[in-house]
Every structure is written in structure tokens, then in C-alpha cells.
Amino acid sequence: MKLKQRVVLLALLLVIFIFTKVFLIDNLDTSAANREDQRAFHRMMASLHVELDPRLDHTLQSPWEIAAQWVVPREVYPEETPELGAVMHAMTTKKIIKADVGYKGTQLKALLILEGGQKVVFKPKRYARDYVVEGEPYAGYDRHNAEVAAFHLDRILGFRRAPLVVGRFVNLRTEIKPVATEQLLGTFMTVGNNTCFYGKCYYCRETEPACADGDIMEGSVTLWLPDVWPLQKHRHPWGRTYREGKLARWEYDESYCDAVKKTSPYDSGPRLLDIIDTAIFDYLIGNADRHHYESFQDDEGASMLILLDNAKSFGNPALDERSILAPLYQCCIIRVSTWNRLNYLKNGVLKSALKTAMSHDPISPVLSDPHLDALDQRLLSILATVKQCTDQFGPDVVLVEDRMTLSHL
């Protein structure tokens, strides 16, 4: 063999060797990541059922101190939380030492201070479980049970970006009125034999109070995030105009995602992928009302998108509002870890997992069966949407490997 042929052959063999090595390394990395995703899924499934148990045998800290230490820039609580039941038990049983009108917003809520100084947001029951909210996908009052269900869905999806929520029954006459501020107390009234209040908010009206069953009111309590983690509010790039006849740019511009990718904080870091995750989360719960979102301040785009205010969800199980998925089908990207988790949850696993996760809650059953069935149906639509993207652009473009390091030291 001539020298020139030998050189060509050696060069070809070297190229094949390098390609094979890179291919094998990539496959090994991908397989390792997939195996870890599968292990994480099994760990989640094993810890679905959370007993509300007050015992904290292994620590002298209060439940509020424990929950505060969980919070880091990329998650609200860690994957393994043996103290979760104790924290949620405290949320639903600790004495209320102060009650005030809720923080500013459009919907009725109350701000409660529990024994030990912990703030929680109380959202009252407005609808029966089987009530169907007609009209626009964001119509109607807030649904307290939707907050509970959304928190557990956040656990199941492995996002861990929603503050802790649990159901709670409160006696308005003996638990709230004696510790209520004058501002809140001034909104109390009696309708028939029921104690009611209408609070202070943009849409709060004396003619539309929330009423207890007698004195006992069912609601949800959401754990306030620690003050050391101040929040920053952002306009959602796929927000609606809420004006009849006026469309947002994303509703008519097919190349809208390309424009988003050129603007901060979506031009780098994890924020755009967080938006995609949130679109999937919101589509599953039927939440078309995320016009703004929160992250931690001074994060330079690295903080998670925090899944706050999920109460405009689970209104109509027969309505699948596809426009909620616009960030997914317009950008055609999704985290590999999210894609893997969604696939693990198909074939009825999602409905079963959520039902199990919520079974411990004081206000169980949290959702009616039609809403649970709708989750499985919507999951199929998400998987089909991703498949359309991979068919068009290829999995290497659509499936993005982005695993943020989480630290709980």
C-alpha cells in the first residue's frame, strides 16, 4: 500500500474512532441522565402519600424554620422531604393569631398569621366540586381546591416550584373574627345562618361574599415564601390582552418565539425552558390566566419561575384550551427531564398519582373524577404536540438537556 493511501486510511480510522468515542460518550451521558430521571420518578411515586403527622423527632427546629431552609433559587422544597407531613400538619392546625385582608390582587383572599409567626394565604371555597365554570378559560372566582391540586401536580411533575398548599377548615366566628383587623372585620356579614366575608380586592364586592357553612369555612392555605427571598414580578411573554377583539402578538405572529429568544432573560439561561414547563403545567390544570409570573429578585435570569396563584384552574374539565400550550408549539423545545417525566405519567399513571397524592388532604376529595380524567387526556395532547415538533425539527433540536444543579446544604 502506498504511503498516501496509508495516510488516508489512518486519517479515516482516526475520524471513525473519534466519532465512535463521541457517540458512545453522548449515549452514555444520555443513558445515565435517563436512568436518573427514572430513579427520580420512582422516588416520587414512593413518597406520593404524605401523612399529616405533627412529629418532628429528628430535629428541634420548628416546621416553619424547616420549610424556610428548603428554599433555594431553583426549587421551593427538596426532592426528599421527610418533614413535609409535619409542615403541612402545622399549616392546617396551628392557631391563627392574626387575620387581615389579602395582599393586593383581583381575587378574594385573607392573610393569616399562624402561631410561630408564619404567614399563610387563605383562599375560601366558592364552588362545589362538581360545579363547571362556563365562559372564558380564566372565568369565575378562584378555586381553593385548585391550589391544593396544583401543588401536588407540581410534586408529581418534579418541578418543585410551587409553594406548599394544604386544605383547612376554619371557624370564622371563633378563629378569625377575634383576631381580625378592622379592615377585614368590616367586610363580615351574615347571610341566612351563614357567616360570610368579602374582603378587599379588585373584584371583591359586598354583593358577592364568600360564605361558610354556618361558621365553618372550607379553604386552602398557601405557605408564604421566606422574606429573605423577595419576589420580582414579570409580564408573561405569552400573556393575554384580556380585551375583546385585541389579540396579543403571540396569537397571530408565527415567528413570535424567535423574537422572545432575542430578549432578556429568555436569550440565555433557564427561563425560556421554565416558561415551557409552566405552559405544560398550566395546560394540564386548565390555567389560562398566567398573565404575570414571579421569580426571585436579582437573579439575572437564573431563578426558577415560581408557580404562584394557580387558583384559576380546574374550572371546566371539558375545555382543553390549546392556546395555553403556545410557548411549547411555537418554540418547539422542551427539557429532556420534563419529556421523560411526562412519558412516565401516561397510560393513566398521572390520574392515579394525583389522586393518591391528594388523598391525605383535610378537604379530600380535592377534585371530581371528570377533572382527574381530563388530566390524562390533556397529557396525551402534550405528548402529541412534542411529537409534531420532533417530526418537524428532529429530537436533537427539540429535546434540550438542561439540568440545573440544586443545592440544599
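**Notebook: a helix, a pocket and some rings**

I began with helix α3 in this predicted model: the cover over its buried residues includes α2 (63-70), β2 (110-114), α4 (144-157), β4 (165-171) and β8. How many residues of α3 (residues 84-93) are buried? I found 8 of the 10, so the helix is largely enclosed by the rest of the structure. The buried ones are L84, G85, A86, V87, M88, A90, M91 and T92.

**Binding-site annotation**

Next I looked up the UniProt record, an unreviewed entry, whose "binding site" annotation covers Q107, K123, T222, L223, W224, L225, E294 and D309. I then checked these against the lining of the largest pocket, and that lining includes Q107, K123, T222, L223, W224, L225, E294 and D309.

Is L225 buried or exposed? Its relative accessibility is 11%, so I note L225 as buried, the cut-off being under 20%. W224 comes out at 28% and therefore counts as partly exposed.

Their contacts went into my notes as well. Leaving out neighbours within four places in sequence, W224 touches Y103, L111, Q118, K119, V120 and V121. With residues up to four places away set aside, L225 is in contact with V71, V76, P163, L231, F296 and I306.

**Nonpolar core**

I turned to the largest nonpolar core, which has 107 residues; I156, L164, I176, W238, I280 and L284 touch the most other members. Which helix gives the largest share? It is α8 (residues 271-285), with 9 residues. At least three core residues come from each of domain 1 (96-223) and domain 2 (227-400). For L284, I listed contacts beyond four places in sequence: L153, L157, F314, L350, L375, R378, L379 and I382.

**Aromatic pairs**

I found 9 aromatic pairs in the structure. W229 and F296 make a tilted one, 4.7 Å centre to centre with 40 degrees between the planes. This pair links distant parts of the chain, 67 residues apart: W229 is in the loop between β8 and β9, and F296 in strand β10 (residues 292-296). F296 is buried at 3% relative accessibility, while W229 is partly exposed at 24%.

W238 and Y256 pair edge-to-face, at 5.3 Å centre to centre and 85 degrees between the planes. W238 is in the loop between β9 and α7 (256-260) and Y256 in helix α7, so the pair ties together parts 18 residues apart in sequence. Both W238 and Y256 are buried. Last entry: Y127, Y131 and Y141 form a cluster linked by ring pairs.

Note on methods: Residues numbered from 1 in each chain as written. Predicted model: local features only at pLDDT ≥ 70, side-chain atom pairs only at ≥ 80, totals over all residues. Heavy atoms only, no water. UniProt positions renumbered as here; feature names shortened; annotations may be inferred. 1 Å grid on protein atoms, 1.4 Å probe; cavity = no way out; pocket = protein on both sides within 12 Å on 5 of 7 lines; lining within 4 Å. Buried < 20%, exposed > 50% of the residue type's maximum accessible area, 1.4 Å probe, protein only. Contact = heavy atoms within 4.5 Å. Helix = DSSP H or I, 4+ residues; strand = E, 2+ residues; numbered from the N terminus. Core = buried A, V, L, I, M, F, W, Y, C linked by side-chain atoms within 4.5 Å. Domains from an automatic or database assignment. Phe/Tyr/Trp six-rings, centres within 6.5 Å; stacked < 30°, edge-to-face > 60°.
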